[in-house]
Amino acid sequence: MLENLETALFYILLMTCTLCMLFYWIWLGTKKELVGRLATYLTILAVLVNTAAIILRMITSGHPPLSNGYEFLLTFCLGIMAVYLFAEFRYKLRSLGAFVMPIPCLLLMFIIMSMGPEERIAQAVPPALKSQWLTFHVITAMFAYGAFAVSFGLGIMYLLKASQEDNQNKLSPQGIVARFPSLEILDELAYKVVGFAFPLLTLCIITGAIWANYAWGTYWSWDPKETWSLITWIIYAGYLHARLMYGWKGRRAAWLAVFGFAAVLFTFFGVNYFLPGLHSYA
Amino acid sequence: MVENSKGLSDQLWRVFSSMKLGLALLGIIALVAGIGTLIPQADMNPEKAKAVGQLWQTLGFTHLYNTIWFRLLLGLLCINLIVCSIQRLRGIYHRTFKLTPPAKLVQVPHKNRLEVLGEPAPLQAALLEVLKQKGYRVTLSDLSDTWSFIAIKHRLGNWGSVITHLSFVVLVIGALLGSVLGFKGYFMENAGNTIPIQEIQLSKGTVSETFSVRINSAEDRILPDGERDNWYTDLSILENGQEVARKTLSVNHPFMYKGITFYQASYSDGARFTADMNGKKIPVVLQDQVQSYFQAPGTDLYLVTMADPNSSAQKPSVLYQVYKGNGADPIQSGKLTSGQTIDVQGSYKLTLEGLVGFTGLQVKKDPGVAVIWLGCVLLLGGLLLAFYWQPVVISGILQSENGNQGTLTLGVFSGKVTVSTHEALEHLVSSITKKLR
């Protein structure tokens, strides 16, 4: 009964997500206030549905959502949308939605296309996963990855706007991109979002290390998942230093934000699908 | 000569104080670490690692994270971080504790500036009150001819960056301590056996301790709903044959004795038999699903065993197979229940005595772990200070032309974030004007 409700919620979430992505795109093209408001309301709805789906899963399985890729992807989507909504309200930046919302949408589509129902059902957790540190591990990962997705959207907007400003003469200044906030604001906002997420990513790696020390007796074993999370960490560390270095502010920093998120995705998908290792759960 | 060496050390200092060098090192470390995830590593995948070309093996690509040159990279990064931090200490100290109010208008930050007009005395009072309310520490100028101030909030945030950078050095020291003074090993033993700590299989370091470990019991506990609860091992530490400690451990619940930690790593079922060869009784303990077999002396008969899915606590049973020589197919197989005796190819009689648990324990001594956790605390604390506790520094100067009308010029140091520091300044000014009204 509850399981069926959870499946229904998943499909409602997918539909809401797709709709709000479309509304953000239409809003970007038309600037109709009604469409924009609808997009925001739908995002709020998606966050609520996503939260409900995760809570239901936790009730039926009796453990935090971390036993398989499906559960973590749901958490990841919630993280992205929650951080995005915060950014939209705090900085009045609705155009960002057009670049961030496709990410949870694609993640949910990925679930449909590549995970069969048997991969989605709640699974028993192996003894190694029965640890409180894991709850922190997943919560920090959720917000850190969510924020990195938002900084990715900001990086893309920056690059689009910067390349348009380079070709100022050829393009009409009325274009969609011209309505983005100024480069300076985009850059600073991305910096703030990464600055919010970086300590969380660090905490995520540390809680992972504490747990690994309890479970396997090593806080760090250069497992591919660990190594790639370190690489992600280094890329964002580079990003945070970039603006202190002459000539690295702006465009190169925006590229780093884009690469950083690519590393986040690789840490999640690439490592699970291409590289073997201890961390085979999610 | 002295001049030369001084020049050299100066030059080295300059090289290592460069942030670009640090970032380049970080980039190289990231790249090398990434390559290590693509090439099979000897400690995770020994067979595949052996298949990698000899040249790459010699260069260390199959044990990348333990190579001298990878450690050299980490060492260089440490030196770089230390030099950079020392270089910055003075500046940070001054920016935190020795702020000087501006003496002239040009010393007020230009980029983020606002002006407030009003009578000098109430303006000063309002400003100081608002600053105090908002949690700023104010330093007033001691010059007689100008009234100026500098105020700082979240001043400890200045130290976040240095703490973060030095925490990395602490982490490396912790890792070094572990690899020099510690050891790591593994053993798999069935319940009832005792193993001296000196005889476990080591993958790193050497053991100086001399106690023994007795496995009292090993259990794979399944919950009523069919889910696995955990693996449990009841073990005793024996010093000169005397039990000095006893504990039941399980996955995620390790046990520590004299700085050596035992971790439940794996579990396997097995069985105890007696082989009777013409009246000579040989005890046999076999473990399931591994290359554990019994070759009866003087024969080429190999006995292997596996768990029977229909085995019950009341009537334990196992499945067995007998192979002859290098034959790929078993020549005899079947099921054996507890207490039952069978004849194996006319060579010997086999009796199942009962089931037995095998426990796989990871054994580790790492005196660096405490230092690692200290490094983690510093790292996290530093980052929280740097990003969640950013200092705001506001300074201003009051100029009055005829003593009645004054112009207070306020400026805020923008640092890395211009837009939000400007917001902070606007809030301050609006609070002051509210007070003045």
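How many salt bridges does the rule find across the interface of chain A and chain B? In this predicted model, the rule finds 1 salt bridge there.

**View 1. The salt bridge between chain A and chain B.** The side chains of A:R90 and B:E423 form a salt bridge, with an N to O distance of 3.9 Å. Across the interface of the two chains, 5 residue pairs are in polar contact.

**View 2. The side of chain A that touches chain B.** Helix 8 (183-215) and helix 9 (224-242) of chain A each supply at least two residues of this side. Helix 8 of chain A gives the largest share, 19 residues. By type, the residues of this side are 31 nonpolar, 10 polar and 7 charged. In the interface, 48 residues of chain A contact 45 residues of chain B. About 4,200 Å² is buried between the chains, and carbon and sulfur atoms give 69% of that area.

**View 3. The open sheet of chain B.** The sheet has 5 strands in the order 1-20-19-3-2, with antiparallel pairing. Strand 1 (113-118) and strand 2 (137-140) of chain B each have a single partner strand, so one side of each lacks a neighbour in the sheet. From one strand to the next, the twist averages 20°.

**View 4. Strand 1 and strand 20 of chain B, with the helices on the sheet.** Strand 1 and strand 20 (residues 406-412) run antiparallel and are joined by 6 bridges. B:L117 has B:T407 of strand 20 as its bridge partner. Helix 6 (residues 120-133) of chain B packs on the sheet, and its direction makes about 10° with that of strand 3 of chain B. Helix 9 (residues 418-436) of chain B also packs on the sheet, touching strand 1, strand 19 and strand 20.

Conventions. Residues are numbered from 1 along each chain as its sequence is written. Chains are lettered from A and ligands numbered from 1 in the order in which they are written. This is a predicted model: local features need pLDDT of at least 70, side-chain atom pairs count only at pLDDT 80 or more; totals for chains, interfaces and linings use all residues. Side-chain values use heavy atoms; hydrogens and water are left out. Two strands pair if DSSP finds at least two bridges between them. Helices (H or I, at least four residues) and strands (E, at least two) are DSSP runs, numbered from the N terminus. Axes are lines fitted to C-alpha atoms, for helices over the stretch in contact, and angles run from 0 to 180 degrees between N-to-C directions. Contact means heavy atoms within 4.5 Å. Buried area is the accessible area (1.4 Å probe) that two parts lose on being put together, summed over both. A salt bridge is a side-chain nitrogen of Lys or Arg within 4 Å of a carboxyl oxygen of Asp or Glu. A polar contact is a pair of N or O atoms within 3.5 Å; within protein, one must be able to donate a hydrogen and the other to accept it, and residues adjacent in sequence count only if both atoms are side-chain atoms. Ala, Val, Leu, Ile, Met, Phe, Trp, Tyr, Cys and Pro count as nonpolar, Asp, Glu, Lys and Arg as charged, and the others, Gly among them, as polar.
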